[in-house]
Every structure is written in C-alpha cells, then in structure tokens.
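Student: I would like to go through this model one point at a time. Please set out the terms as they come up.

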Amino acid sequence: MQSRGKEFLDALAQRVLVGDGAMGSRLFELGAALNQSYDYLNIAAPDMVRQVHAEYVAAGADLIETNTFSANRHKLGRFALESQTREINLRAGQLAREVAGNRVFVAGAVGPLPGGMTDLSIEELTESEMREAFREQIVALAESGVDLIVLETFADLPQIRLALDEAKKACDLPVIAQMTFPDGQHAPDGTDAFEAMELLHRLGADVVGTNCGQGVAKVLKAIEYLGSRTNARLSAFANAGLPQRVGGRFMYAVAPNYIADSAQRMVQAGANIVGGCCGTTAPDIAAIAARLRGMTPAPRHLVAMPARAADEVTVSPPRALPDYLAHLGRRPVVLVELDAPRTTDVSKFLRSVGMLKQAGADAVTVGDSPLATLRMNGFMIAPMVQRECDIPVICHLACRDRNLIATQGLLLAAEAMGVRNLLTITGDPAKLGDHPSATSVYDLNSFRLLELVAKMNAGQNLIGQSIGRPARFTVGVAYNPNVRNIDVEAKRLAKKVQHGAQFALTQAVFDLETMRRAVDAARPLGIPIFAGVYPLISQRNAEYLHNEFPGMTICQEVRDRMAAAAPDKAKMQAEGMTIAKELIDAFMEIADGIYLIPPFNRAQVAVELLEYIHSRPLATKSIRSQ
C-alpha cells in the first residue's frame, strides 16, 4: 500500500487529528512480561499487537503508532535481538497497516538511543554510529508502508536533531518531532521548549510537539507555551497523569473526562494532533475523539518574544583556581586519597588528615563508598575537615547511589557549605559491595554528571531553573591508563573535558611506559593529569590488585620484585615503598602532579612519600619543567 504522507499533511490543515494511546502499558495488561523486548512481540505475539492497534482504531484514533519505540539495534541488543532490527520494524509497520487499512494513518515510532548507565550508553556512541542506528530503523519502517515517522520522547536536542536529519535523508515521509518537557517548558537537558521546537521546525520537521513528561497538565502547559510562540503544527501526547501505587503496582488513575477536557484545551492552545502516552487506554482515546470531533485547528495569537535584557542573564563570576591547581608548574603538587570512616567515629580520620596536611599534602580526596562498600558520606564531613585541618577536600561523587533529584540536592547543599571540589565518577555497581541487596540508581553517568555540574556553575539546575547564585565547583574526573587501547580512553577523557572536566586523576600505574603513553594521549586536551601511585605492601597485595581489582594492572617486573622480597613482611613493605619512590621520580618528569593512594587507608605510608617528594633535590622545580 502506498504511503499517504501528503494526505496526512492535507488532513492536518483541515481538522484536528486524534492519536492513539499507550502501547507498552497495554501490552503489559495483556500479559507481556516486563523482562522481555516489547518490540519483539511484533514477531513473537503479533495478535497481541494487532489487538492494541484495533482497540485504538475502534476508539476513534485517526493515527496509530507502530510498536517500535525501542526497536533500534542498541536497545534490541540488550535482548540479543540486534540482528533482527530490520525484521522487527518491517513487521511492526505491516501489523499496524493491516489494522489501519486506508482509513487511519500509520506513524512509524522511533525512540531515543540508550541513555544513562545502560549496557551501552549514548555517550559511548560516535555520531556516525548514532546516525546509522536511526537510519536502519527509519528505512525499515518506511519500507513497511507507514505514512509518516514520529520521533518521540527525546530528552536532548542534539540526539533528536540527528534522528530528524536521518529521517529526512532516508525517506520522503512527513516527520513528527517530539521531545519531553517535564516542567512544561524545558527538556531534561535544560533546553527551552520553544527554542528546541522552532529549531526542529526549521530543520524540516512537519510537526513538532511533546509527549510523555509528567502528566496531562504539564503537556498542556507546554502546548500553551509553544502555541503562543510558533506557527508550526503541534502535537501533544500526554501520560494519563502520574502513576499511583495501588496494591503493589503502579497504576494510572486519571479519568477519561479529565483527559478529554485537557485535550480540548490543548487544541484551543494550538495543538493539531492530540493523543495519549504512558497509561492512556482505549476509553481515554474514545473520550478525546468524542470531544474533538469536528474541531478545526485553532488560530494562533503569537506573543512577541522580547530580547532578554543583559541584567536577566545569569553569568558565573570568575572563579579562582584552588591552590592544588593554581600551584601546578611552580612546585610539586600532591593529592592524597583517604577513605571516609566506616563507623560514626571521625576522630582517627581527622588525625590522619592533619598528618597529611603537615607533611605537605595539597588536598585530600574522599571516596563515595568506593567499591560500593558502606562508608561515611564525604560531603557531610568535608566542611568539618576543611575547617579543622585547613586543607581542601575533593569529594568523589558517584552516580550509583542517588537519583537525579537527590544528586542535585546534594550539590546545592555542598555549594552552600563550601564543599566545591569534586571528582565525578560513575561508581561501582552496588552488587559488588558489602550490601549486595542494595540497588544501583544510575540516573546519571559521568558525562551527564559533568553536564549537571556545568549547569550549576552557570546558575541553573539540570532542567534550566535558576538556583540563584551560580555554584563554584571545580571538577575532576578519573582516567585509566591501564587499558589496551589508550586512544579509546583518551577519547572518553576528551569528551569529559568537553563537558567541563578541569583535571584528571589516574588509576594507580606501576610502570613508566604505561603512564607516559596515557599522559601523551591526554596532553592535547590541556588539563592537568595527576599520576596515581599506590605503595604495595606485600606479594599477596600485588597479586590481588593485578588479578581482581577493577582497572588495575601490575607489570610482571613489579610483581617479581615483590615476590623476591617475600615472605619477609618488612622486606616486602620496604620494596613496595622503593617501587613507589621510583615511580614518583619517573612520573614527576611527565605528569602535572602526583596522586597518592595509600593502601588500606594507612596515612603514615602517604606521609613518608610526601616527605620524600618534598625533600627531593628538585622539589622546588616544576614537575615537567625542562
């Protein structure tokens, strides 16, 4: 059957169209398991998919969407289905067309690529890989006989721009481009809704709009905002309110009449297509269809967009570099890692920090329950440490334990309390630690966490709302030289620098060549690299770190030296310190600073190395100075 793309566009000029409702939640109600690919049901359970389409057609939908929201090769890859991407999309289009016939339009649904801490995150994909994934899905949908393409539930503007560009290149079908605006005015990446939609309209989207979000009211707010600012055709697909927990399950309880009332107001505000998203059902669509029957697109009354006054723009004040960065190039700078206490007693920790300060440490870094093992929260004790020991604290901030709201709340409090030095990390999965029943959150990964910090430094939270005075965070990142392909790791670091990283701490390295290779790869990025040094204490310690510790590799020569000192405990510890001092001498010639990681939180070991560093004949000479 021929595409009816032109007929779709003509219809939009004459009347308001009704879209369908939720696919996933309805499939779940019909018996689909949560732990399976719902896109694969196009092949495994086609009658179930047909039933959902048929329910919406019977309810009065003018447009139905294919069951392909997650049918790109990367999301299908979680279920080892990536090789069936084309088949799944082709079959989805055919199923929808079988039900729609020539009475109802069929939209090929394309969702965003994986984001956050998934098996494969969007930040790990190159632009060409992203384009290829979108193109593969869109080409298959177009060949299946859909009438148009709908890009839906995108949270960031750059990704939907790529998808739109590939859709325009891959086929001549009309394209609906939809983002989600949780507060009714901003995307999750902070992009203004009008600015995003106006750009997508200029880039060729035939309809722009919003779906999902946080319920009907926020979608209505977005349409009112957009409808007063643009003449572009608008689409609105709202969730059925917010889910409520009922009998152990999350349910959507918004009444169809409420949804229909809101749909009418969306049309009056400028919507050309109104349908439903998560939780909406056939009765909801039937109520919308009955209410909108016979309605034509409402005239727009655009408001002038005033130029933003200079005094309305929040500008971050110039931030002085912390001493541990400001002193680089003038003298040796040394950071020391010290794990927070496991108990409520902080006295030993404070004594250890005091010793490190007296021995010449420039800052201490405090882990965020490293290896997912419970420890005191570093952000809570950092103000006390900085006040009593007069030394900067660099708090590790892992993505593992806090959701997006809690992470931003923590950073707001940290700024207010004067804790402004961060090391952003993804964090080890909770199941690896001492509380294996705990769950990992990973709303953010290290890249998005850097974006969040940059936004706060510009005076905004992640969705663009003002936080008042801009934050003043200095932010570092992890860099692992112990990899086979340092170019891949350097590219990751480059992306972190693009997102706002100001310095990098390496994993512990045990040979000069590995560190040299890593520093050379990172040098063009222009940020300081602190070389990680871990003093070994025994042969067993060396073998454990080499074989079991994530991200750690110990060369054979060092392991042989530790083995030669065994089983004498004193000899092994002395050899470990000798190796550490040799590495310090070598690393100070190529790196910007030293990052000491004392074994088992033994501050005295770090004190001995600090004294060694500051007593070297060239201690007053700049690291890497020639």
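Tutor: Contact means heavy atoms within 4.5 Å. This is a predicted model, in which local features need pLDDT of at least 70, side-chain atom pairs count only at pLDDT 80 or more, and totals for chains, interfaces and linings use all residues. Residues are numbered from 1 along each chain as its sequence is written, and side-chain values use heavy atoms, with hydrogens and water left out.

Student: Among contacts between residues at least 6 apart in sequence, what percentage join residues at least 24 apart?
Tutor: The count takes contacts in the protein between residues at least 6 apart in sequence. Of these, the share that joins residues at least 24 apart is 79%.

Student: What pLDDT does the protein average?
Tutor: pLDDT is the predictor's confidence in each residue, from 0 to 100. A score of at least 70 is reached by 92% of the residues, and the average is 91. Over residues 308–318 the pLDDT is below 50, and this stretch has 10 contacts beyond near neighbours in sequence.

Student: What percentage of the 626 residues count as buried?
Tutor: Buried means under 20% relative accessible area, exposed over 50%, and partly exposed in between (1.4 Å probe, protein chains only). By that rule the buried share of the 626 residues is 55%.

Student: Is Thr68 buried or exposed?
Tutor: Thr68 sits in the loop between β2 (63–65) and α5 (73–76); helices (H or I, at least four residues) and strands (E, at least two) are DSSP runs, numbered from the N terminus. Beyond four places in sequence, Thr68 has contacts that include Asp39, Asn89, Gly108 and Leu141. Its relative accessible area is 0%, so Thr68 is buried.

Student: Which residue's backbone oxygen does the side chain of Thr68 reach?
Tutor: A polar contact is a pair of N or O atoms within 3.5 Å; within protein, one must be able to donate a hydrogen and the other to accept it, and residues adjacent in sequence count only if both atoms are side-chain atoms. For the side chain of Thr68 the distance is 2.6 Å, and the backbone oxygen belongs to Ala109.

Student: Which residue's backbone nitrogen does the side chain of Asn480 reach?
Tutor: Asn480 lies in the loop between β15 (474–479) and α18 (486–498). Asn480 counts as buried because its relative accessibility is 15%. Leaving aside neighbours within four places, Asn480 is in contact with Ile486, Glu489, Gln507 and Gly551. At 3.0 Å, its side chain reaches the backbone nitrogen of Asn482.

Student: Is Ala320 buried or exposed?
Tutor: Ala320 is placed in the loop between α12 (282–292) and α13 (323–326). Its C-alpha atom is 9.2 Å from that of Arg472, which is 152 residues away along the chain. The relative accessibility of Ala320 is 71%, so this residue counts as exposed.

Student: How far apart in space are Glu451 and Ala565, C-alpha to C-alpha?
Tutor: Glu451 belongs to helix α17 (residues 446–457), and at 28% relative accessibility Glu451 counts as partly exposed. Along the sequence Glu451 and Ala565 are 114 residues apart; in space the separation is 47 Å.

Student: What is the phi of Thr153?
Tutor: Thr153 is part of strand β4 (residues 148–154) and is buried, with a relative accessible area of 18%. Thr153 is not a glycine, yet its phi is positive, at about 65°.

Student: Which residue does a cis peptide bond join to Ala566?
Tutor: The omega of this bond is about 5°.
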